[in-house]
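I opened this notebook to record what I looked up in the structure, entry by entry. The entries follow below.

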Amino acid sequence: MRLGAPLRYGLPLLVFAGLAALLWQGLGRDPKLVPSPLVGKPAPAFALPSLRDPARVVGTEDMRGRVALLNVWASWCAACRQEHPFLMRLARERDIPIYGLNYKDRREDALRWLDGLGDPYVWSAHDLEGRVGIDWGVYGVPETFVLDAQGIVRYKHVGPLDEKVWRERIEPLLSRLASGEEAAR
Amino acid sequence: MSAPFMALLLVLALGGGMPALAAIEPREFPTPEQDALYHELIDELRCLVCQNQNLAESNAPLAKDLRDEIAEMVRAGKGREEVIGFLVARYGDFVLYRPPLRRDTWLLWAGPFLLVGAGLVALAMVLRRRQAAPPAAAAPDPEALARARTLLGGDRAGGGGDRAP
């Protein structure tokens with residue numbers, strides 16, 4: 001059996017092109033992004049003392065009923081500082097509740113941060129030991145979860161939230177969720 | 001270089017690649033089985049923060065928290081599958097250095113064998129073709145041979161190479 005010239009030269013070329021395409025696609029990916037297994041599942045339940053009022057317990061139950069954001073933050077986290085003005089803007093301009101999960105932070109540090117930079121959160125839960133963070137699969141602060149009205153996790157963003165992420169990822173999701181609720185009504 | 005010195009170098013070179021077990025905090029377990037399970041798990045599970053280290057090697061705070069969590073589960077008598085299930089439910093398959101065999105991962109597992117298989121098939125084809133082909137350089141055409149001789153000046157016996165005139 002003799003391979004024809006097209007096959008003989010074409011095949012290696014094809015294999016090369018395929019491999020190059022595969023590797024090129026791999027280059028464009030961010031290896032730091034770990035897909036969350038929580039998306040599509042009910043938000044992990046927690047009940048923690050509120051940052052501002054330790055006697056008050058806040059948790060997953062309080063976030064139900066409306067589409068909401070849960071933002072994981074800490075005063076020691078530099079990227080959170082970068083993200084903070086955008087959260088302040090969201091809180092001012094958008095009609096969506098933002099809840100905070102203050103992760104492995106000292107209460108006084110966290111409160112100083114909120115008092116100095118502004119507080120975009122409805123409340124912040126104080127996760128001093130990071131146990132709730134583990135339940136939510138937190139591995140790099142800041143992280144932001146989008147929860148629907150039924151308390152299902154719809155999206156997770158790792159890293160600072162900004163205009164681009166909001167426009168390209170979260171806004172389309174929010175309008176999908178809103179139209180879904182309209183339909184269900 | 002002397003043989004003992006070479007041996008020493010070899011030991012150092014190999015030892016350098018071992019996980020630095022001394023880096024993690026000591027823990028005590030009620031039974032040696034639990035101790036073994038704990039170490040097996042932290043060796044096998046991947047750190048989320050420094051992605052090319054396992055939980056045993058990593059100094060990241062999250063890795064320590066996860067070691068605490070795993071140690072607590074092991075002490076509570078949880079088995080291997082339960083601990084792994086706990087972490088996969090939170091962080092996904094990413095924490096596993098040994099991914100499970102599933103519909104979306106079979107290519108990962110079978111890929112290398114498929115490639116070796118394809119290589120063997122190609123090799124067999126080439127070998128068979130080579131065997132089937134007529135022996136190369138059969139008796140040359142006598143006419144062409146004669147012509148070649150004349151062109152090379154074959155009448156001169158044992159030509160001594162080129163020489164400038």
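Before placing any residue, I note that helices (H or I, at least four residues) and strands (E, at least two) are DSSP runs, numbered from the N terminus. The model is predicted.

**Entry: the cis peptide bond.** I looked up A:Pro142 and found it in the loop between helix 4 (131-135) and strand 6 (143-147) of chain A. The peptide bond that joins A:Val141 to A:Pro142 is cis, with omega at about -5°.

**Entry: a positive phi.** I checked A:Lys104, whose phi is near 50°, a positive value in a residue other than glycine. Most residues other than glycine have a negative phi. A:Lys104 lies in the loop between strand 4 (98-103) and helix 3 (107-117) of chain A. Is A:Lys104 buried or exposed? I recorded it as buried because 20 other C-beta atoms lie within 10 Å, and 20 or more is the cut-off for that class.

**Entry: the sheet of chain A.** I traced an open sheet of five strands in chain A, with mixed pairing and the order 5-4-3-6-7. Strand 5 (124-127) and strand 7 (153-158) of chain A are its edges, each pairing on one side only. On average, neighbouring strands of this sheet are turned by 20° against each other, direction ignored.

**Entry: strand 6 of chain A.** I then followed strand 6 of chain A to its partners. Strand 3 (residues 68-73) of chain A runs antiparallel to strand 6 and is joined to it by five bridges; A:Asn71 stands opposite A:Thr144 there. Five bridges also join strand 6 to strand 7 of chain A, again antiparallel, and A:Phe145 faces A:Lys156 of strand 7. Strands 6 and 7 of chain A form a hairpin with five residues between them, and A:Gly151 in the turn has a positive phi of about 80°.

Why is strand 6 of chain A largely enclosed by the rest of the structure? I found five of its five residues buried, so the strand is largely enclosed. A:Glu143, A:Phe145 and A:Leu147 point one way from strand 6, whereas A:Thr144 and A:Val146 point the other way.

**Entry: the nonpolar core.** I looked up the largest nonpolar core, which has 55 residues. Those with the most contacts inside it are A:Leu70, A:Tyr99, A:Leu147 and B:Ile70. Helix 3 of chain B gives this core its largest share, six residues. Leaving out residues up to four places away in sequence, A:Leu70 touches A:Met63, A:Tyr99, A:Leu101, A:Phe145 and A:Leu147.

**Entry: helix packing in chain B.** I examined helix 3 (residues 61-75) and helix 4 (residues 80-91) of chain B, which pack at an angle of about 145° with their axes 10 Å apart. The crossing is right-handed. B:Ile70, B:Met73 and B:Val74 of helix 3 make the contact with B:Glu82, B:Val83 and B:Phe86 of helix 4. By class, I listed five nonpolar, no polar and one charged residues.

I next took helix 2 (residues 32-44) of chain B, whose axis comes within 10 Å of that of helix 3 of chain B and crosses it at roughly 145°. This crossing is right-handed. Among the residues that meet are B:Leu37 and B:Leu41 of helix 2 and B:Ile70 and B:Val74 of helix 3. The residues of this contact divide into seven nonpolar, one polar and two charged.

**Entry: the two chains.** Finally, I noted that twelve residues of chain A are in contact with 14 residues of chain B. On the side of chain A, seven are nonpolar, four polar and one charged.

Methods. Residues numbered from 1 in each chain as written. Chains lettered and ligands numbered in written order. Predicted model: local features only at pLDDT ≥ 70, side-chain atom pairs only at ≥ 80, totals over all residues. Buried ≥ 20, exposed ≤ 12 C-beta atoms within 10 Å, placed from the backbone. Pairing = 2+ DSSP bridges. Axes fitted to C-alpha atoms, helices over the stretch in contact; angles between N-to-C directions. Left-handed = near helix turned anticlockwise from the far one by under 90°. Contact = placed C-beta atoms within 7 Å. Nonpolar A, V, L, I, M, F, W, Y, C, P; charged D, E, K, R; others polar. Core = buried A, V, L, I, M, F, W, Y, C linked by C-beta atoms within 7 Å.
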